[in-house]
Every structure is written in structure tokens, then in C-alpha cells.
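Here are my notes on this one, point by point. Have the model open while you read.

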Amino acid sequence: MSKASVMSIVFVVVMAVGALLVGREFRQAQERPGVQRLESQRRLGQFAAALAAYQGRHHDWPDNLFQVMKDQHLGFGANLVRGGGTYRYRKPGRDDGADRVVMWSDLPHQGVKAGEPWGGEGEVATSDHPPVSYVLTRDLRIEEVGLEAWRTRTGQAADSAAAPAPAPAPEH
């Protein structure tokens with residue numbers, strides 16, 4: 001085997017191992033509540049841009065979430081929220097106010113107590129973080145809302161709003 005072949009094989013192995021390690025760290029990061037909340041906000045921002053583009057193109061709101069996902073080429077599963085279930089969509093009426101909720105997750109993000117894992121690797125919450133949800137309003141603003149506001153503004157039943165139990169810590 002030539003020296004170039006051996007170097008190529010070593011390079012491929014090093015790159016593959018690096019990709020696996022980065023992928024593992026990314027998956028572990030997504031399990032942290034602080035990261036899940038940031039990702040939820042980012043995803044709603046993507047939907048806000050997609051809804052604005054859809055409205056510009058069709059001069060109306062989509063009838064359902066999958067119309068905008070298809071029209072704007074959002075990937076399959078774009079409506080999933082890690083730590084928050086699935087995004088729901090409700091087409092607003094013509095008379096609805098700017099603060100009318102058009103998108104929300106079907107579960108709130110769980111609360112975190114001080115000292116529990118929060119954001120970055122090894123980072124713990126320095127204070128309690130109550131359960132919250134993020135909603136997208138008719139004027140395409142993202143708002144953070146507490147449990148009672150989430151129940152009221154999205155029409156969720158009180159018994160379905162129990163924050164999900166914390167996931168067991170991943171074993172290393």
C-alpha cells in the first residue's frame with residue numbers, strides 16, 4: 001500500500017471519529033433545557049419567516065401547518081419541538097388581534113430548579129426556571145409565556161399542561 005493511500009485512510013478515520021464525537025455532543029446538548037428553549041425560539045423564528053413569505057406569495061394565511069411547510073420547503077419534522085412536543089397552528093380570523101396566538105407547542109418546556117443541568121456542558125441553573133412555552137402571534141412575534149397564559153391563549157386543558165417529567169440523565 002502506498003504512503004498516499006495510508007495517509008488518506010488515516011485522514012478519513014480521523015474525520016469520521018471527529019464527526020461522531022461532534023454529533024454525540026450535539027445530541028447531548030439538545031437534551032439540556034436551556035438549549036431546548038433557545039432551539040424552540042429559533043424554530044419559531046423560522047416559521048415566522050416562512051409564514052411571512054407564504055403570505056407574501058399567497059396573500060392569505062395557510063389553512064394548516066403543512067401547507068406552509070411544503071410551500072416554504074421546510075423539512076419533514078420541522079414542527080417537532082424537543083422538550084415541547086409538536087407545534088400546533090391555528091389560522092387566525094380576519095378580526096383577530098395582533099396578539100392572537102397562531103403557533104404554539106402542545107407541551108410546555110419543563111421547569112428547572114437551581115442546581116439542575118441547564119445549558120452548556122456542566123452548566124447548572126443558578127436560579128429556578130419555571131415551565132414556559134413559546135408562542136408565535138398573528139403579527140409574527142415570538143413570546144415566552146407561563147403555564148396559565150399558555151393554557152388560556154392556546155386553549156389547552158389544565159390536565160394536559162403538566163410539565164413533562166424530567167428525562168433521566170444520560171449515562172456516560
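1. Start with the Tyr: at 2% relative accessibility, Y87 counts as buried (under 20% relative accessible area is buried, over 50% exposed, anything in between partly exposed, with a 1.4 Å probe and protein chains only). Its partner comes next.

2. The structure holds one aromatic pair. F47 and Y87 make it, edge-to-face, at 5.8 Å centre to centre and with 65 degrees between the planes. For the cut-offs: rings of Phe, Tyr and Trp (its six-membered ring) pair if their centres lie within 6.5 Å, and planes under 30 degrees apart are stacked, over 60 edge-to-face, the rest tilted. F47 sits in helix α2 (residues 33–58) and Y87 in strand β2 (residues 85–89), so the pair ties together parts 40 residues apart in sequence. Helices (H or I, at least four residues) and strands (E, at least two) are DSSP runs numbered from the N terminus. F47 counts as buried too, at 1% relative accessibility.

3. A word on provenance: this is a predicted model, where local features need pLDDT of at least 70 and side-chain atom pairs count only at pLDDT 80 or more, while totals for chains, interfaces and linings use all residues. Residues are numbered from 1 along each chain as its sequence is written, and side-chain values use heavy atoms, with hydrogens and water left out.

4. Now look at helix α4 (residues 147–154), where W150, R151 and T154 are buried. Down the axis of α4, its buried residues fall within an arc of 95 degrees, so they line one face of the helix; the arc is taken from the directions from the helix axis to the C-beta atoms. E148 and T152 are exposed on the other side of α4. The cover over the buried residues includes β3 (101–105), β4 (132–137) and β5 (142–146). After α4 comes G155, with a positive phi near 80 degrees.

5. How confident is the predictor? The protein averages a pLDDT of 84, and 82% of the residues score at least 70; pLDDT is the predictor's confidence in each residue, from 0 to 100. Over residues 159–172 the pLDDT is below 50, and this stretch has 15 contacts in the model beyond near neighbours in sequence (a contact means heavy atoms within 4.5 Å).
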